[in-house]
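Here's a friendly walk through one protein model. Have a look at it first, and then we'll go over how some of its parts meet.

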Amino acid sequence: MAYILSDDSVELIKEIQKDDKEPFKITNKDELLEFAMGVSIIMMGFQGLKEKNKLSTEDEAKLGKLTALMDELKEHQDDIDYEDLNRRL
């Protein structure tokens, strides 16, 4: 059975992709991994700020949400329901 991503994860994906001019879709595992790579780069930026004690409370909350998203994607990368995901995006 395919895994349905949480509402929080879908909303965060929407937020990350909000400036895209074209509709964003993830249709397979390769595209999911490509998206996850981009998210990991964002997270590295936040981690750098955290190490320098320059991470605001708001940014710390964003880092927490990104971490939860990445954990969910990693855990369920092989069984995500892409049809449901794209319908909700």
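## How the helices meet

Helix 1 passes helix 3 in a left-handed crossing. Keep in mind that this is a predicted model. The axes of these two helices come within 10 Å and cross at roughly 115 degrees, so helix 1 and helix 3 count as roughly perpendicular to each other. Where do they meet? On the helix 1 side you'll find Ser9, Leu12, Ile13 and Ile16, and facing them in helix 3 are Lys65, Leu66, Leu69 and Glu72.

Now for the largest nonpolar core, which has 20 residues. Leu5, Phe35, Leu73 and Leu85 touch the most other members. Helix 1, helix 2, helix 3 (57-76) and helix 4 (82-88) each give two or more residues to this core, and helix 2 provides the largest share, with six.

Take Leu5 from that group. Setting aside neighbours within four places in sequence, Leu5 is in contact with Val10, Ile13, Glu72, Leu73, Ile80, Leu85 and Arg88.

The ring centres of Phe24 and Phe35 are 5.6 Å apart and the planes sit at 45 degrees, so the pair is tilted. Phe24 is in the loop between helix 1 (7-16) and helix 2 (29-51), while Phe35 is in helix 2, so the pair ties together parts that are eleven residues apart in sequence.

Here's how the two rings' residues compare in accessibility:

| Residue | Relative accessibility | Class |
|---|---|---|
| Phe24 | 23% | Phe24: partly exposed |
| Phe35 | 7% | Phe35: buried |

Key
Residues are numbered from 1 along each chain as its sequence is written. This is a predicted model: local features need pLDDT of at least 70, side-chain atom pairs count only at pLDDT 80 or more; totals for chains, interfaces and linings use all residues. Side-chain values use heavy atoms; hydrogens and water are left out. Rings of Phe, Tyr and Trp (its six-membered ring) pair if their centres lie within 6.5 Å; planes under 30 degrees apart count as stacked, over 60 as edge-to-face and the rest as tilted. Helices (H or I, at least four residues) and strands (E, at least two) are DSSP runs, numbered from the N terminus. Buried means under 20% relative accessible area, exposed over 50%, partly exposed in between (1.4 Å probe, protein chains only). A nonpolar core is a set of buried Ala, Val, Leu, Ile, Met, Phe, Trp, Tyr and Cys residues joined through side-chain atoms within 4.5 Å. Contact means heavy atoms within 4.5 Å. Axes are lines fitted to C-alpha atoms, for helices over the stretch in contact, and angles run from 0 to 180 degrees between N-to-C directions. Angles under 35 degrees count as roughly parallel, over 145 as roughly antiparallel, 65 to 115 as roughly perpendicular and the rest as oblique. A crossing is left-handed if the near helix is turned anticlockwise from the far one by less than a right angle, and right-handed if clockwise.
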